[in-house]
Protein chains: 2
Amino acid sequence: MTLAGQGRNRGAAAEAEVTMTGTRLDPWVDAYASRAHAMRASEIRALFAVASRPEVVSLAGGMPFVQALPVEMLASTAQRLLYERGDVALQYGSGQGDVTLREQILQVIAEVGVTAHPDDIVVTTGSQMALDLVTRVFCDPGDVVLVESPSYVGALGVFRSYECNVVHVAMDEEGLVPSALEEAIARVRLAGQRIKLIYTIPSFHNPAGVTQGPGRRAEVLAIAQREGIALLEDDPYGLLGFEGEPPRAIRADDADGVIYLGSFSKTIAAGLRVGWAVAPHGVREKLVLAAEAAVLCPSNYAQLTVSEYLATQPWREQIKTFQEVYRERRDALLESLQALMPEGTTWTIPAGGFYSWLTLPHGLDATAMLPRAVANLVAYVPGTGFYVNGQGRQNLRLSYCYPEPDRIREGVRRLAAVIESELELAQTFGTTHGLNPVSGTSVPAPNLQ
Amino acid sequence: MTLAGQGRNRGAAAEAEVTMTGTRLDPWVDAYASRAHAMRASEIRALFAVASRPEVVSLAGGMPFVQALPVEMLASTAQRLLYERGDVALQYGSGQGDVTLREQILQVIAEVGVTAHPDDIVVTTGSQMALDLVTRVFCDPGDVVLVESPSYVGALGVFRSYECNVVHVAMDEEGLVPSALEEAIARVRLAGQRIKLIYTIPSFHNPAGVTQGPGRRAEVLAIAQREGIALLEDDPYGLLGFEGEPPRAIRADDADGVIYLGSFSKTIAAGLRVGWAVAPHGVREKLVLAAEAAVLCPSNYAQLTVSEYLATQPWREQIKTFQEVYRERRDALLESLQALMPEGTTWTIPAGGFYSWLTLPHGLDATAMLPRAVANLVAYVPGTGFYVNGQGRQNLRLSYCYPEPDRIREGVRRLAAVIESELELAQTFGTTHGLNPVSGTSVPAPNLQ
């Protein structure tokens, strides 16, 4: 066919990389929107195709251990649902989501101290879609989003796909650092840029494995309020803590300034793709309109399955089961790391969730090391994927959510061996920066989320 | 909380309407993206809340008649799926969609003459999401999308939410008019604007109820190819024709220049939210990245339910059942219209799909008439919803997909009475333009799709 005659020939250099990844040149390159040039596949994806082989211990993926679900019971729930309410479950529904499910979500978010009205809830196709919709409603190209350092790869992918200017803010062992947040706001505004969102994962952070305490949350919220910036609180892991009560959500203390995102992906099942946003009135109206443009309505089939499950099954008990599964695996990871990692390696101690964030000894490079780790049959996600600016080369994310404890121990053993041998190389030849630099994962691969 | 201090105060007039629809002022208005100002709820929505009462015969909604599905069989399909493959159905999956389902989709699109490779398919959360992703990949603000006149309300909502410049092109009883398409392309380019997509529904058009014949399709395709513009072919109704073979898709004759959208919403069930795009290689790569940013991955639960259904059930027979259901209803509509409509009223004769497009006698206004129709217990969608430019006041869309034939006849009887009384009014007082003008539905309500 004829090539587009009006090609603007914008970003040809950036596109070269994309068109060369396939075997054919793309005749439509010049017809794409500006935002499409920010959509790039990570180079580490090819490696993860290898890493999904069964002989590799994957400490990379964030897949929940759905095998812990009572699957026979879910099967009969789905059957009963279709048999009794098939005409609703198989039909189009409300763009905002099923009203009964929205009422049930109120019970779930009450666990983290959030009170709301069913009208405040927008049900989405996983909370990833809620991230997308919030960004769509708030962010013009060039608008600044402040994110943690590191931050969730899937959120970075969304922000970049809307051509946001993503600015990382320092974290410590209690998460987002208030003084760093204040400095970043001042610096960005001094540069004449407009800040639209502060994006934070206060509980059991992905990938950092840290949690904001109550005092820290209050400080972060006070800054957002004082500066008039919407706080986007992402809380997929909030109910998956290993000790005591779930952390109180920031949204529990401000209904007007916080947009809260929740998900059933980790407390029930990711394959259902049911998440939600709790948003102030005006924002919620825009989110519903954006959702209807995006997908018309979320799946009634998935929503009613969740609703039936919540109505008829002991879902709080099931969450306790998940907590126990993940705590045992967290313990296996931490004990192995403690026993096996060479000196100079450090890691965070997660009190919940799926992840620990590991820092390699000085001079080692997690991205350069990954092919050697995969060759040694263990996989992780290099730290660079969680930054937009090339930071994180000395870091990697370890997930303990999916493999059995013995596999985790074996994975850590293999990883420790790789790090040991990297250290020997570094001591002999200097640093191990060997591969081409990887500029970060711009779009989340589902198995890395 | 403090208001955003950097408010640009852009579009304050446009926003007044939005903030006044709620009871509270929205403190975040000044923080929204430019595109959010194009997201507006239609004023006719409130009316449709009334129209959903059971005593109203709704000829408005495009809901498929899912009651015609073998629901017991679907219930046991879902149960077996979760029981046997729950660990996959409940887990995250591929961003591009389940590979077995993509292979099965090849069998479905073969029915309209399309041959492709599973790699060419991207599974989406309904084909609405495919529309959203294609627009996201192709369209910068201000880019032109050429659409039919009238066009699908949900597509108009997507194009507007990406701030596209939507340009309508004339249709006749065979759909999009080639000479009008050529003229529009020349006119838009002469004005210095860039055309990104030609959006067409060639088979059983929503809302126009017409179908492009093979010659017409060839002409439209030749123009798109000659002008180097991507053709976006939306085909949710292609298998729901009432006579002969399904129309051959335009995509069947050009794999490189056409992006084809399909859906299981009308051939299986809308509540599953499973649709797909078939796209040229480079476009497909971008669509997958955009999809991963938007939702990580489509629901395995819904996808595997569809896949299991296609693998184990006589889905072609079920489509024949749907065809018979809808043909009987189409006949009920057309016979009643023929018997009851006053002189000067005309309508299209759909050979498949869900809709007929009615033109009122001169001087009558479908938007102004709607409240009186609803008071007389019959509902339709006014024609203005299918245009971005205020056209369509003399038109309305009648859906025959959901009500039983006797209800359709009763609905037409009520509608005819309303039109008769409008005609009397018009003959006495001139035209019936009485209400505030409605500028079109900018975002689809699911029950209007």
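**Notes on the predicted two-chain model**

1. Of the 449 residues in chain A, 59% are buried; please bear in mind throughout that this is a predicted model. Chain A holds 14 helices and 14 strands, and among its contacts between residues at least 6 apart in sequence, 76% join residues at least 24 apart.

2. On the interface, 95 residues of chain B are in contact with 95 residues of chain A. The elements of chain B that contribute two or more residues to the side touching chain A are α3 (71-89), α5 (126-138), α6 (153-161), α8 (214-227), α10 (281-295) and α11 (300-312). Of these, α3(B) gives the most, with 12 residues. Sorted by class, this side of chain B has 48 nonpolar, 30 polar and 17 charged residues.

3. One helix pair spans the two chains: the axes of α10(A), residues 281-295, and α5(B) come within 5 Å and cross at roughly 100°, which makes α10(A) roughly perpendicular to α5(B). From α10(A), the residues A:Ala293, A:Ala294 and A:Val295 meet B:Gly126, B:Gln128, B:Met129 and B:Asp132 of α5(B). The residues of this contact divide into 4 nonpolar, 2 polar and 1 charged.

4. On the α13(A) side the contact is made by A:Met369, A:Arg372 and A:Ala373, and on the α14(A) side by A:Leu415, A:Val418 and A:Glu422. By class, this contact has 4 nonpolar, no polar and 2 charged residues.

5. Chain A has an open sheet of 4 strands in the order β10-β11-β14-β13, with antiparallel pairing. Its edge strands are β10 (346-347) and β13 (381-382), each of which pairs on one side only. Strand β11(A), residues 355-359, is joined to β14(A), residues 395-399, by 5 bridges in the antiparallel sense, and A:Tyr355 has A:Ser399 as its bridge partner in β14(A).

6. In chain B, an open sheet of 4 strands likewise has the order β10-β11-β14-β13 and antiparallel pairing, with β10 (346-347) and β13 (381-382) of chain B as the edge strands. Here β10(B) and β11(B), residues 355-359, run antiparallel and are joined by 2 bridges, and B:Trp347 stands opposite B:Leu358 in β11(B).

7. Is strand β3(B), residues 144-149, enclosed or exposed? Since 6 of its 6 residues are buried, β3(B) is largely enclosed by the rest of the structure. Its pairing with β4(B), residues 165-172, is in the parallel sense over 6 bridges, and B:Val147 has B:His168 as its bridge partner in β4(B).

8. Some backbone geometry deserves a check, because most residues other than glycine have a negative phi, and most peptide bonds are trans. In chain A, a cis peptide bond with omega of about 10° joins A:Ser149 and A:Pro150, and A:Pro150 lies in the loop between β3 (144-149) and α6 (153-161). In chain B, a cis peptide bond joins B:Ser149 and B:Pro150, again with omega of about 10°, and B:Pro150 is placed in the loop between β3 and α6 of chain B.

9. A:Glu163, in the loop between α6 and β4 (165-172) of chain A, has phi near 60° although it is not a glycine, and with 16 other C-beta atoms within 10 Å it is partly exposed. A:Arg273, in the loop between α9 and β9 (275-278) of chain A, has a positive phi of about 55°, and this residue counts as buried, with 32 C-beta neighbours inside 10 Å.

10. Finally, A:Thr267 is found in helix α9(A), residues 265-269. A:Thr267 is buried, because 22 other C-beta atoms lie within 10 Å and the cut-off for a buried residue is 20 or more. Leaving aside residues up to four places away in sequence, A:Thr267 touches A:Leu239, A:Ile319 and A:Phe322. The C-alpha atoms of A:Thr267 and A:Gly86, which are 181 residues apart along the chain, are separated by 25 Å.

Key: Residues are numbered from 1 along each chain as its sequence is written. Chains are lettered from A and ligands numbered from 1 in the order in which they are written. This is a predicted model: local features need pLDDT of at least 70, side-chain atom pairs count only at pLDDT 80 or more; totals for chains, interfaces and linings use all residues. Two residues are in contact if their C-beta atoms, placed from the backbone, lie within 7 Å. Ala, Val, Leu, Ile, Met, Phe, Trp, Tyr, Cys and Pro count as nonpolar, Asp, Glu, Lys and Arg as charged, and the others, Gly among them, as polar. Axes are lines fitted to C-alpha atoms, for helices over the stretch in contact, and angles run from 0 to 180 degrees between N-to-C directions. Angles under 35 degrees count as roughly parallel, over 145 as roughly antiparallel, 65 to 115 as roughly perpendicular and the rest as oblique. A residue is buried if 20 or more other C-beta atoms lie within 10 Å of its own, exposed if 12 or fewer, and partly exposed in between; C-beta atoms are placed from the backbone. Two strands pair if DSSP finds at least two bridges between them.
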